[in-house]
Amino acid sequence: MANPLIATFGEVMLRLTPPLFERLLQSPHLIATFGGGEANVAVALAQFSTASRFITVLPEANPVADALLGEMRRFGVETQHTARAPGRMGIYFLEPGANQRPSKVFYDRENSAIALAKPGVIDWKKALAGATWFHTTGITPAISASAAELTTEALHAAREMGVQTSCDLNYRKNLWKWGKPAREVMPALLKLVDVCIANEEDCQTAINIHVDIDVESGSLEREKYAELAERVLAAFPNLKLAAITLRESKSASYNSWSACLHTKREFRLSRKYEITHIVDRVGAGDTFAAGLIYGLTHMKDEAEALEFGVAASCLKHSLPGDFNRFTADEVRALMKGSGSGRVER
């Protein structure tokens with residue numbers, strides 16, 4: 001099978017995190033890396049040896065933005081279709097949680113270059129040339145009205161070019177502040193998409209589809225996820241499939257992790273992983289999206305693709321930072337093994 005080119009579009013930010021599990025500025029140190037949902041997907045795909053391209057808008061003459069592009073290229077991600085425009089580089093602060101203390105994210109991204117960018121700043125025919133798949137998320141439309149218009153423009157261009165499309169709904173309540181709520185924006189975008197990725201909260205808040213699911217109990221009723229996926233597919237007949245992640249949160253440090261996938265023909269539920277020591281859960285959902293896309297473009301059926309995505313995202317919980325650093329072979333090893341964590345010699 002020829003290696004497909006997967007393109008993603010969205011904002012990438014400077015990520016600042018205190019060392020270990022300290023609170024923000026408990027000590028006068030912050031670890032600087034980069035992160036952002038769509039960039040995370042592009043990096044993960046590159047780690048799986050898939051051709052990937054990240055499309056974004058970055059500030060002009062900005063050394064932090066230059067460093068970001070260098071980092072993406074180091075992972076093997078194409079960045080030549082980056083637009084440079086007025087504005088700043090967004091920042092987010094992550095205070096990692098542990099045990100009963102939740103992780104907290106603080107955004108400082110107002111007036112970022114992508115938030116200010118207008119439709120037309122990216123030549124989508126050039127940016128998507130050669131791509132077989134285009135992925136975006138509900139994060140970018142949450143940034144500003146013009147960023148939502150840019151996302152719509154991108155999805156229309158992808159469909160006109162015959163490119164497969166996917167969207168991770170990725171609801172972020174701290175971002176939807178520019179006027180319209182997510183439920184008035186995301187349904188129109190989802191009508192331009194082939195594959196929907198979400199969790200139960202995303203479905204409720206972004207596209208107003210509700211099923212009585214208690215995510216705080218630490219135990220999830222899987223039959224309700226089948227009902228939720230069916231409702232999503234019924235509301236958006238353009239969708240070829242819907243994938244929903246299932247996170248059972250015992251604490252910030254201990255989660256059970258699995259996912260389900262509905263293809264209109266049948267409902268599939270993945271293996272469940274018990275993650276008893278979470279190093280960093282940020283980026284795990286993006287790694288699931290990347291793993292699912294990888295599986296759907298490289299593997300024999302949807303069941304295997306689902307298992308690959310869940311295993312990849314399980315491994316990501318063991319790494320600090322937004323970016324996945326595991327190869328496809330390492331993910332397959334977890335799929336085949338017990339995940340006991342024994343030393344490999």
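The model is predicted, so local features are described at pLDDT of at least 70 and side-chain atom pairs at pLDDT 80 or more, while totals for chains, interfaces and linings use all residues. Numbering runs from 1 along each chain as its sequence is written, and side-chain values rest on heavy atoms, with hydrogens and water left out.

Threonine 8 is buried, with a relative accessible area of 0%, where buried means under 20%, exposed over 50% and partly exposed in between (1.4 Å probe, protein chains only). Leaving aside residues up to four places away in sequence, its contacts include Glu38, Val41, Phe54 and His135, a contact being heavy atoms within 4.5 Å.

Next comes strand E12 (residues 241–249), where 8 of the 9 residues are buried, so the strand is largely enclosed by the rest of the structure. Strand E11 (residues 195–198) pairs with E12 in the parallel sense over 4 bridges; two strands pair if DSSP finds at least two bridges between them. Here isoleucine 197 has alanine 243 in E12 as its bridge partner. E12 also pairs with strand E13 (residues 255–262), this time in the antiparallel sense over 8 bridges, and arginine 247 stands opposite tryptophan 257 in E13. A hairpin of 5 residues joins E12 to E13.

Finally, look at glutamate 149 in helix H6 (residues 145–160). Glutamate 149 is partly exposed, with a relative accessible area of 44%. From tyrosine 92 it is 57 residues away in sequence and 23 Å away in space, C-alpha to C-alpha.

How values were computed
Helices (H or I, at least four residues) and strands (E, at least two) are DSSP runs, numbered from the N terminus.
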